[in-house]
Amino acid sequence: MKIIDAHIHIFSEIDGANANGPVKGCGLGRTINAGICSPFIPPISMETSWPVELLLECMEQNGVSQAVLFQNPTIGSVNDEVGQAILQYPDKLTGLVQVDPFDENAVALAEELIDRYPFAGIKLEVSTGWGWTGIHSDRDFHYSMLKPLVQVAEKHGLMVAFDTGDTDSAAYLPEELGELADQFPNVIFVIEHGGYLTPEGSLEKWEAMTDNAKKENVYLGICAVPSLMESEYPCTAGNAVLKKLYDKVGAEKLIWGTDGPCTFKAYTYRQLIDSVARYADFLDREDLERIFYKNAGKVYFKAESAG
């Protein structure tokens with residue numbers, strides 16, 4: 001079976017920020033944030049880095065044919081690194097542009113980067129913990145402020161991906177996100193991390209957020225669901241969440257990814273594949289094909305055979 005990893009990262013260094021302040025790599029897979037040096041990725045090199053060459057080798061060893069490169073502010077903005085990678089490996093990689101939606105120059109920067117590189121979409125990391133609402137905690141956030149960036153996506157035929165953060169995040173506003181999706185029916189939206197449920201999260205708010213995937217133009221990325229649910233391999237708790245999503249919207253709205261390399265601290269690449277392919281026993285072969293590559297092919301690689 002073909003596999004597309006529809007959410008993974010590359011970075012030659014960590015130079016970002018989040019709600020706790022600047023984030024820098026401090027070697028051996030660690031980062032320093034708020035004065036604390038802690039593991040961020042597995043200790044695979046002397047530097048805290050995950051370059052495209054490592055990603056491609058991991059893909060090769062695990063039977064993954066294509067991948068979608070994501071960004072977030074904690075890692076930093078690596079638009080040029082992602083853009084160069086998808087130019088160099090157009091048959092294997094695509095990626096998403098990242099801009100700060102609170103920046104008054106966000107639209108102009110997005111336009112400039114989209115003109116420079118063949119991005120598939122725009123990533124809006126609006127979570128409080130890892131993203132822009134945490135960095136700009138003194139500012140109010142509403143999804144209406146994202147309309148200019150979604151208009152850019154619509155103009156260029158791109159999709160838009162959201163990381164809302166957990167149910168306590170400032171951006172966890174299910175109705176507002178749904179209204180935005182309704183206003184742009186020609187834009188595909190992906191809500192990442194399966195709507196971001198944690199063991200302590202509000203099930204009611206999560207149900208409202210994931211209900212948005214019942215809309216024709218909204219999908220759910222399911223990367224990092226096991227780790228968010230603190231689920232040991234073979235990820236029984238993570239698959240319980242996946243079953244709820246499957247029962248709600250069907251396999252045709254779910255998109256698999258790893259969110260590596262951060263998730264590789266808890267699971268191997270193969271385990272993240274097998275946790276769904278082998279242990280989500282409520283999925284049949286057709287379901288797996290949709291979740292592992294057909295939906296991602298349609299959303300990110302414009303594959304017409306994805307239906």
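User: Which strand and which helix each supply at least two residues of the lining of the largest pocket?

Analyst: In this predicted model, strand S8 (121–125) and helix H8 (225–228) each supply at least two residues of that lining. The largest pocket is lined by 26 residues, and Trp130, His193, Tyr196, Leu228 and Asp259 are those nearest its centre, while the space in the pocket comes to about 500 Å³.

User: Why is H3 called roughly parallel to H5?

Analyst: The axes of helix H3 (residues 106–116) and helix H5 (residues 147–156) cross at roughly 25° and come within 9 Å. Angles under 35 degrees count as roughly parallel, and therefore H3 is roughly parallel to H5.

User: What makes the contact of H3 with H5, by class of residue?

Analyst: On the H3 side the contact is made by residues including Ala106, Val107, Ala110 and Ile114, and on the H5 side by residues including Pro148, Leu149 and Val152. The residues of this contact divide into seven nonpolar, one polar and three charged.

User: How many cavities of 30 Å³ or more does a search of the whole structure find, and what lines the largest cavity?

Analyst: The search finds one cavity of 30 Å³ or more, and the largest cavity has a volume of about 120 Å³. Its lining has 14 residues, with Ile222, Val225, Pro226, Ser275 and Val276 closest to the centre. By class, the lining of the largest cavity has 10 nonpolar, four polar and no charged residues, and H9 gives the most to this lining, with four residues.

Terms used
Residues are numbered from 1 along each chain as its sequence is written. This is a predicted model: local features need pLDDT of at least 70, side-chain atom pairs count only at pLDDT 80 or more; totals for chains, interfaces and linings use all residues. Side-chain values use heavy atoms; hydrogens and water are left out. On a 1 Å grid over the protein atoms alone, a cavity is a set of points where a 1.4 Å probe fits but cannot get out, and a pocket is an open set with protein on both sides within 12 Å along at least five of seven lines; lining residues have an atom within 4 Å of a point. Grid points are joined across faces, edges and corners, and a volume is the space filled by probe spheres set on the points. Axes are lines fitted to C-alpha atoms, for helices over the stretch in contact, and angles run from 0 to 180 degrees between N-to-C directions. Angles under 35 degrees count as roughly parallel, over 145 as roughly antiparallel, 65 to 115 as roughly perpendicular and the rest as oblique. Contact means heavy atoms within 4.5 Å. Ala, Val, Leu, Ile, Met, Phe, Trp, Tyr, Cys and Pro count as nonpolar, Asp, Glu, Lys and Arg as charged, and the others, Gly among them, as polar.
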